[in-house]
2 protein chains.
Amino acid sequence: MAFVKPVWFVHPHLYLLFSNYTSLTPASSLHSLTAASCRENNRNNITTTGFQGSIFEDNGFVGRLRAIPEDDEGVDVAYLEASLAKHNEEGHGSDQKARKRPQVAQKHYKNIIYTVPTFSNPSGRTTSLDRRRELVRLARKYDALIIADDIYDFIHWNSTSTSLSPPFIPRIVDIDHVLDGGPTTSFGNAISNASFSKILAPGLRTGWTEATPTFIRGLSQCGSSVSGGAPSQFVASIIAQTLMNGTLQNHIERVLIPSFKRRYQVVHSAIERYLLPLGVVLEGKMEKSMQGGYFVYFLLPPCILAKQFVLRAWEDEAVLVADGDIFEVHGDEDAVPARHGVRICFAWEQENLLSEGLRRLGKVLANMLEPESCVVIGREAVDGKFLESKI
Amino acid sequence: MAFVKPVWFVHPHLYLLFSNYTSLTPASSLHSLTAASCRENNRNNITTTGFQGSIFEDNGFVGRLRAIPEDDEGVDVAYLEASLAKHNEEGHGSDQKARKRPQVAQKHYKNIIYTVPTFSNPSGRTTSLDRRRELVRLARKYDALIIADDIYDFIHWNSTSTSLSPPFIPRIVDIDHVLDGGPTTSFGNAISNASFSKILAPGLRTGWTEATPTFIRGLSQCGSSVSGGAPSQFVASIIAQTLMNGTLQNHIERVLIPSFKRRYQVVHSAIERYLLPLGVVLEGKMEKSMQGGYFVYFLLPPCILAKQFVLRAWEDEAVLVADGDIFEVHGDEDAVPARHGVRICFAWEQENLLSEGLRRLGKVLANMLEPESCVVIGREAVDGKFLESKI
């Protein structure tokens with residue numbers, strides 16, 4: 001029982017959604033989102049440019065995930081269109097009716113496209129403006145929802161500036177709002193996810209979603225939110241203070257961006273010094289005019305499996321890095337193989353240890369490249385060893 | 001990249017899970033839990049003694065929810081068994097194989113039984129020890145998982161004591177651990193959910209799950225947790241301090257229990273004074289030896305629909321209470337009809353306003369009982385009016 005009091009509403013385009021984003025690895029809980037927006041829809045497909053597979057699988061998409069490769073301009077839209085067209089021809093993702101209560105603002109998309117368009121994880125690549133426009137048009141044509149994790153958009157710099165500024169390239173959701181006269185339905189075809197865990201402190205797991213007012217209305221009707229309010233209301237109330245008094249903005253501009261710019265340079269130099277001479281290839285190299293995010297990604301020489309390399313780095317040199325395999329899409333690994341890829345996160349470890357970490361990685365690689373040990377011992381054997389030693 | 005450091009593990013029986021529980025209405029986000037434990041299982045059924053329907057529906061259980069009535073001993077186990085047997089005969093919930101990675105500690109239960117066994121929401125009833133044993137045996141027989149929201153177990157008192165003490169009746173998960181030699185599989189058939197939002201502060205949305213070590217291992221593999229850590233790690237780190245220094249225990253014993261005991265008495269007296277003379281029937285009345293929880297539940301006279309009553313209370317007297325309809329199970333409303341039920345939450349509103357609130361409810365009811373206005377105007381009409389005025 002309560003006496004009626006006034007209630008404040010949030011901006012209709014914005015919804016404080018998660019309990020999601022997280023610490024040193026850039027993970028988003030798309031959990032609530034997929035459950036809310038893909039309710040009961042057991043025939044649609046998800047295409048992804050990497051990552052978050054197990055969250056989608058938890059929400060019932062096992063066996064329906066497809067990997068889409070990237071090139072230097074970002075998402076390979078031609079490949080994506082071929083995949084969507086094939087899916088369409090096969091008759092999947094047929095229209096389904098909303099059955100869940102309350103039946104307000106519900107829409108079943110035939111397809112979901114998940115992407116990190118700016119400073120992607122793991123590749124660090126940024127999808128170009130042209131490609132973003134093509135993505136929106138594709139999404140409209142194939143009844144797809146683009147879920148864009150725009151989590152690194154505030155963390156960027158160039159050679160002369162480290163000031164806090166708007167994203168240097170429009171987000172996909174912005175493009176959907178204006179392209180060719182705006183969204184073709186009131187739901188739109190793109191949403192933007194973002195997180196305070198990436199820009200204020202790891203572990204806050206509080207973020208926001210931006211979409212059309214109709215989509216946001218539907219998202220707000222997620223059962224656990226209707227029943228209990230926003231998942232992160234306590235943390236959100238703390239974060240709100242940092243936004244209002246400028247702490248957050250100062251933190252991004254005076255701490256994060258300058259530090260990340262230095263860190264990126266340190267890591268980049270160390271890779272050039274310790275790894276490139278051993279045959280390592282740097283992927284997704286950023287132009288000096290637009291650098292940002294948390295990651296650098298490189299490929300090992302063809303005779304070295306990343307899983308094996310990561311294991312040796314961990315066992316021999318106490319250095320923890322991510323092997324490309326964990327970003328492969330389960331069930332569609334061969335579309336975007338990553339078994340020679342290694343991701344370096346430069347955002348977490350102490351700045352003065354970054355160069356030492358890469359020196360050790362160079363040592364590990366040099367040892368593995370000695371003729372007698374550079375033997376590809378087969379994926380299963382490596383998998384087995386890695387799992388065994390981790391458990 | 002990070003240098004390897006030691007890691008602490010939680011007790012294998014306990015898992016800090018949500019981002020869930022919530023403020024003035026007792027809502028749990030079973031969201032993560034259902035997604036994690038019912039992965040891809042699209043044929044099993046959920047039986048419930050009330051509430052949380054939309055969370056299950058978000059996770060794909062639309063059309064597969066069944067309501068189970070209660071009597072004075074709690075869950076009507078005979079009715080439940082008949083429902084499970086019927087479901088079994090119809091061949092639903094067939095065994096399915098786990099397909100999700102990592103394939104550790106996964107089990108598909110044929111059925112899920114959701115219940116608030118102690119001081120249930122909305123009825124306030126407590127399921128007896130005998131019934132709890134029967135529930136566990138039924139769950140084992142029909143391959144069911146009992147999800148027990150044990151959220152009010154620390155909030156109880158009797159006529160002489162308000163001290164903090166263990167639950168006065170064993171939880172279902174405790175019974176499963178020991179009954180007839182203990183769990184019949186390593187997963188067990190019961191888990192216990194609890195929340196700090198109910199005992200420390202509303203809106204914390206942080207709780208814990210207790211189950212067998214194998215079940216907890218599986219639950220910990222939920223994609224969003226593997227990827228990003230516990231959903232509420234920041235809040236959990238604050239709560240941990242209150243546990244270690246005794247703040248939480250003191251708060252329950254010195255603030256909550258004495259206050260709730262007084263509140264319950266105030267509400268109870270006011271109902272006797274203002275509502276019982278008008279034909280209201282108190283449901284789930286608690287013995288003096290075991291009182292607790294947040295709620296009192298009563299039935300209006302047969303000619304008054306709760307939805308209509310709640311609307312009038314809101315519009316005419318600015319008092320907000322919950323009508324029974326919201327606890328009905330979508331698709332199985334007639335099994336446990338609640339359209340004359342009204343739930344009073346005595347935990348939230350200021351203590352000195354509780355009696356005034358009930359006086360106003362009495363005024364509303366008296367007005368509605370005047371011959372010319374006591375007309376049942378049909379459920380749809382009321383639904384329409386209520387929705388319209390709320391939107």
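Arg171(B) and Glu210(B) form a salt bridge, with the closest N and O atoms 3.1 Å apart. This pair links distant parts of the chain, 39 residues apart. Arg171(B) lies in the loop between strand S9 (156-157) and helix H5 (172-178) of chain B. Glu210(B) belongs to strand S11 (residues 207-210) of chain B. Are the two partners buried or exposed? Arg171(B) counts as buried, at 13% relative accessibility. Glu210(B) counts as buried too, at 16%. The model is a predicted one.

## Salt bridges

Over all chains, the structure holds 40 salt bridges. Three of them are set out here.

| Salt bridge | Closest N to O distance |
|---|---|
| Arg171(B) and Glu210(B) | 3.1 Å |
| Asp174(A) and Arg171(A) | 2.8 Å |

Take the chain A pair Asp174(A) and Arg171(A), joined in a salt bridge. Asp174(A) has a relative accessible area of 26%, so it is partly exposed. Arg171(A) has 14%, so it is buried. The cut-off for buried is under 20%.

Arg312(A) is partly exposed, with a relative accessible area of 25%. Asp316(A) is also partly exposed, at 43%.

Salt bridges can also join up. Glu70(A), Asp72(A), Arg125(A) and Glu283(A) are linked in a network of them.

## Two helices side by side

Two packed helices are described by the angle between their axes and the distance between the axes. In chain B, consider helix H3 (residues 77-89) and helix H4 (residues 129-141). Their axes come within 10 Å and cross at roughly 5°. That angle makes H3(B) roughly parallel to H4(B).

Which residues of H3(B) meet H4(B)? They are Val77(B), Leu80(B), Glu81(B) and Leu84(B). On the H4(B) side are Arg131(B), Glu134(B), Leu135(B), Leu138(B) and Lys141(B). By class, this contact has five nonpolar and four charged residues, and no polar ones.

## Inside the protein

The largest nonpolar core has 135 residues. Which residues have the most contacts inside it? They are Phe309(A) and Phe309(B). Leaving out residues up to four places away in sequence, Phe309(A) touches Leu300(A), Ile304(A), Val342(A), Leu361(A), Val364(A), Leu365(A) and Met368(A).

Ile257(B) sits in helix H9 (residues 247-274) of chain B. At 0% relative accessibility, Ile257(B) counts as buried. Again leaving out residues up to four places away in sequence, the residues that Ile257(B) touches include Phe154(B), Ile155(B), His156(B) and Trp157(B). Thr162(B), Ser163(B), Leu164(B) and Ile252(B) are also among them. Ile257(B) and Gly292(B) are 35 residues apart in sequence. In space, they are 8.3 Å apart, C-alpha to C-alpha.

## Chain A as a whole

Chain A has twelve helices and 17 strands. Of its 391 residues, 57% count as buried. Now take the contacts in chain A between residues at least 6 apart in sequence. Of these, 75% join residues at least 24 apart.

Note on methods: Residues numbered from 1 in each chain as written. Chains lettered and ligands numbered in written order. Predicted model: local features only at pLDDT ≥ 70, side-chain atom pairs only at ≥ 80, totals over all residues. Heavy atoms only, no water. Core = buried A, V, L, I, M, F, W, Y, C linked by side-chain atoms within 4.5 Å. Buried < 20%, exposed > 50% of the residue type's maximum accessible area, 1.4 Å probe, protein only. Contact = heavy atoms within 4.5 Å. Salt bridge = Lys/Arg side-chain N within 4 Å of Asp/Glu carboxyl O. Helix = DSSP H or I, 4+ residues; strand = E, 2+ residues; numbered from the N terminus. Axes fitted to C-alpha atoms, helices over the stretch in contact; angles between N-to-C directions. Parallel < 35°, antiparallel > 145°, perpendicular 65-115°, else oblique. Nonpolar A, V, L, I, M, F, W, Y, C, P; charged D, E, K, R; others polar.
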